[in-house]
Amino acid sequence: MRRVFLKRQAQSIIFSFDENFLLLIMALIVGILGGFAAVFLNYSLEFCYEHLHVFRQYWWAFFFPGVGAICSCVFLKKIIRDDKGHGVPDVIYSVSKKGGLLKVRSIFSRLFSSILTIGSGGSAGPEAPILYSGAAIGSNIARLFSLNERQRITLLGCGTASAISAIFNAPVSGIIFTLEVILAEWNTIYLVPVAIASVAGTELSRFLRGNQIPFSNSGFNIGFDDLIAAALLAVFTAVISVLFTRSMEKSNKLASSFEKKFRLTFFVKAGLGGCAVGIIGFFIPDALGEGYHSIRELISGTYSTGLAIAGVALFAKIIATAITLGWGGSGGVFAPSLVIGSFTGVVFYRVFTLIFPEANLVSEGGFALLGMSGVMAGVLQAPLTGIFLIVEITGGYEVIVPLIIVSSLSSVICRYLEPASVYLKELVEKGTLLRPGTDAKVLSDLKVEEILEKDCLEVFNDMRLKELIYLLKVSKRNFFPVVDRKTKDFLGVVHLDHIRPYLLDSLMYETVFIYQIMDSEIPVISPDTELKEALDIMDEYSMFSIPVLSGRKFMGIISKGTLLDQYRKELMVQTSEI
Amino acid sequence: MKLHINDAASLLNLPVNTLKRWIRQGRVPINRSEDICIFKEEKLNEWAKRNHFSFSEKKCIEKKVLDSGTQILSSAVSRGIVLYDVEGSTKEDIFSFVIKNLGIDDDENKNEFLKRLLEREELSSTGIGKGVAIPHPREPLDNLFDSPLIAIVFPKEPLEFDSIDKSLVFVLFFIVSRNVKEHLKLLSNLSYCLRHENFIAFLKNKPPMEKIISEIEFFENQLLNQ
C-alpha cells in the first residue's frame with residue numbers, strides 16, 4: 001500500500017513540472033548516489049588491501065582469494081539471488097531489450113560480491129560492479145517516478161556515467177563511456193543529463209577523497225619516433241586484447257566442463273578458481289586484486305627492471321583474471337585491462353629498446369600509458385573511451401596524439417579479429433544485442449499484432465466459385481482465408497493470383513468448390529512470433545503475406561507492404577530526437 | 001489536450017498497439033493515464049511534422065465522411081432535382097433545360113457543361129436500354145458543385161436517344177460528380193438499382209422525389225449487406 005501511495009505522490013510531482021527539467025534534477029540525484037557507491041567500494045577495497053597485505057608473505061595466503069570467491073558467489077546466488085555475470089552485458093541487455101529495467105537488489109548485489117572477490121585478492125575490476133549499481137540506481141529512481149522507457153534509459157546512463165566518473169575522478173570518460181558503450185547513441189537528449197550526473201559523481205568523489213589524479217606522472221615529451229612506435233604498439237595491444245578476451249572465454253568453458261565432469265557445486269568451483277589465483281599471486285603478487293598499485297609503479301617507471309619479469313607478470317595477470325571471472329568470481333574487466341595494458345606497454349618498450357637501442361623514445365611510463373589505452377580500446381572496442389580515460393586519469397594531455405593512434409588502430413584490428421567486444425559477445429551470440437535504429441531493434445520492437453490486417457473476408461470450404469466472385473467485388477484483398485463452416489477452423493487460403501485462369505470461365509463458377517482451389521499447405525505464424533522469424537519464413541517461401549493463426553483460428557494476415565510502412569515509421573521515430 | 005487513446009491513434013494513423021508502446025517507450029510526447037492521452041497539441045504537431053506523420057483533426061473528420069459514403073447515390077439524388085414532363089424532342093433541348101434548372105450561375109460554366117455532355121453522347125449514346133439514359137459530362141467538372149448530385153428527368157414524351165436496345169427513353173439520370181472515382185461509385189450503385197426490373201417499373205409511374213430516394217436507399221442497403 002505504502003509503495004503505491006509513494007508512487008502516486010511521485011507521479012503528481014512529475015505532472016506539475018516540466019519533464020525535461022525534472023529529468024535534469026533526477027540526473028543530479030542519480031549522479032550523487034552513483035558517486036557514493038563508487039566511493040564506498042573504493043574505501044572498502046583500500047581497507048581490505050591494507051589489512052590483508054601484511055599476510056601476503058605467508059604460504060597460506062593463497063587461500064584468501066578462494067575463500068573470497070566462495071563468499072562472493074554464495075552471497076550473490078543464495079543470499080541476494082541475483083544473476084551471475086560481470087555486469088556490463090546485463091546493463092546493455094537491459095537497455096536494448098527491457099527498456100532499462102533493473103532490479104532494486106541489483107543496487108547492492110554486485111557491489112558487495114565484488115568487494116569480497118577483489119578485496120580477498122581475486123583479479124578483477126571494481127568498475128563493472130559500480131557501474132551496475134549506478135545503472136540500477138538510475139533505473140529504479142525512474143521506476144519510482146513512473147518515467148517512460150527513454151527517460152529510464154537516460155537515468156540508467158546517468159548512473160553508469162557517474163560511477164565511472166567518480167571512481168576514476170574522470171568526468172569526460174564517464175560521459176563518453178556511457179554514450180559509446182552503454183547507450184551506443186550519440187543523441188543530445190542523453191548528453192545533458194549524463195553530463196550533469198557525471199559532474200555530480202566527480203564532484204562528490206573529489207569532496208570525499210580529494211582531487212587526486214589516480215595515476216599522476218611527471219609529464220612526457222613525445223617525439224616523432226614515439227608515433228611510429230605507437231603504431232607498432234597498437235598491433236601488439238590488439239593481439240594481447242584478443243588473447244585476453246579469448247582466454248576468458250576458454251576459462252569459462254573449462255570451468256563449466258569441470259563442473260559437469262566432477263559434479264562440483266558452484267561454490268566449490270569458485271573456491272578452486274580462487275585458490276588457483278592465490279597460487280599465481282603468491283609468486284607474482286602483481287596479478288592479484290584490481291591492480292591499481294602496479295599501474296602506479298609502471299607509469300612512474302619504478303617497476304623492477306628486466307624484460308622477462310614484466311612479460312611473466314603480463315601473462316600471469318591475463319590468466320589470473322580469466323580464472324577469477326571464469327570460475328565464479330565477481331567483477332569486471334575494466335581494471336584488469338588497464339593493468340594488462342600497462343604491462344603490455346612496458347614489455348613492448350623493453351623489447352623495442354632492445355632491438356633498436358638508438359631509438360629516441362619517451363620514457364617507459366609513457367608506453368605504459370599508451371599500452372593501457374590500446375588494450376582498453378581493444379577489449380571494450382571503444383576507442384574514444386580508451387583515449388579520454390587515459391588522458392584524464394594520468395593528467396597527461398601531451399600524449400594525446402600517440403594515444404589516438406594506439407587506441408583507434410588497436411580497436412580496428414581487434415574488431416577485425418573479434419567482431420564483438422567482450423561486453424557484447426554474449427549478447428550477439430544470443431541475438432539480443434539490439435542497438436537503437438538498427439534492423440534488429442526495429443523488428444524486435446514491432447509486434448505481429450501491430451501490423452495485423454484484419455480486413456480479410458473469410459470463405460467456407462464448401463462454397464462454390466460463383467460465391468467467391470461476388471465477394472471479389474467487396475473485398476479489398478486478393479487473399480481469402482478458408483475456414484471450416486462448422487468449426488471455423490482455418491483450412492487454407494485462396495489466392496487470386498493462383499485462380500486467375502478460372503475467374504472468367506462461367507462454366508467453372510457452378511462446378512468448382514473452394515476446397516478444390518485453396519492452398520492448404522502454406523506456412524502460418526502465431527501472434528507471438530517474432531517478426532524477424534516471420535520475415536524469414538516469408539522469404540523462404542517467397543510469400544508477400546502470411547496468415548496469422550491463434551490456435552487454429554484465423555486472426556488476420558501480415559503483409560510486407562504494411563510492414564514496410566510501419567517499419568519506416570518505427571525507424572524514423574527511433575532515430576529522431578524527441 | 002485530452003483524447004482517448006483510440007482517437008489519438010487514428011489521428012496519427014497508427015495502430016493502437018504501436019501508439020501504446022511508443023508512449024511507454026517515450027518516443028512520442030504524450031502522457032497517458034489509463035486510456036486517456038494527455039498532451040500539448042503544438043508539441044505533438046511539431047513532433048508529427050518532424051517525423052513526417054500526418055496529424056490533424058480535420059483530416060480525421062473528412063475521412064469519416066468519405067467512409068460513410070455507402071449511401072452515396074441516394075444522398076446525391078436528394079441533393080439534386082427531379083423534373084417531370086419536360087418538353088423537348090432532342091438531347092440538346094433536354095440537356096439545356098436541365099442545366100438551366102441546376103442553378104449554375106456562370107454562363108461560361110453552363111456552356112462548358114453542355115459541351116461536355118454532348119461530347120460524351122458523341123462517343124456513344126448513354127441510353128443504356130430499357131428506356132433509361134444516364135447522361136454525364138465527358139470529363140467531370142471539378143469545381144462546379146461541392147458534392148456529387150443526380151438530376152432525374154422524366155420527358156413528357158419518350159425520347160429517341162440512339163439507345164443500345166433502340167428503345168425510347170422515358171427517364172434520364174444526369175450524373176454530376178467531381179471526379180472519376182465518385183462517378184464510378186455512383187454509376188455502380190445506379191447500375192445495381194437498374195438491374196432490378198421492379199425498379200424500372202417503379203420509375204415508369206414517375207414517382208415523387210421522396211419515394212425515389214427511399215427506394216434507392218433500400219437498394220443501397222441491400223447492396224451493402226450483400
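Tutor: In chain B, helix α6 (residues 91–101) has B:K91, B:I94, B:F95 and B:V98 as buried residues, where buried means that 20 or more other C-beta atoms, placed from the backbone, lie within 10 Å of a residue's own, and where helices (H or I, at least four residues) and strands (E, at least two) are DSSP runs numbered from the N terminus. Viewed down the axis of α6(B), these buried residues fall within an arc of 100°, so they line one face of the helix; the arc is that of the directions from the helix axis to the C-beta atoms. An α-helix has 3.6 residues a turn, so residues three or four places apart point the same way.

This is a predicted model, in which local features need pLDDT of at least 70 and side-chain atom pairs count only at pLDDT 80 or more, while totals for chains, interfaces and linings use all residues. Residues are numbered from 1 along each chain as its sequence is written, and chains are lettered from A and ligands numbered from 1 in the order in which they are written.

The cover over the buried residues of α6(B) includes β4 (82–86), α7 (107–123), β7 (149–155) and β8 (171–176) of chain B, counted through contacts, in which the C-beta atoms of two residues, placed from the backbone, lie within 7 Å. After α6(B) comes B:G103, which has a positive phi, near 75°.

Six of the six residues of β8(B) are buried, so the strand is largely enclosed by the rest of the structure. From β8(B), B:V171, B:F173 and B:I175 point one way, whereas B:L172, B:F174 and B:V176 point the other way, and all are buried. In a regular strand the side chains alternate between the two faces of the sheet.

As for its neighbours, β8(B) runs parallel to strand β6 (residues 132–133) of chain B, to which two bridges join it, and B:A133 stands opposite B:L172. With β7(B), by contrast, β8(B) pairs in the antiparallel sense over five bridges, a pairing being called when DSSP finds at least two bridges between two strands; there B:I150 has B:I175 as its bridge partner.

Definitions and conventions
A residue is buried if 20 or more other C-beta atoms lie within 10 Å of its own, exposed if 12 or fewer, and partly exposed in between; C-beta atoms are placed from the backbone.
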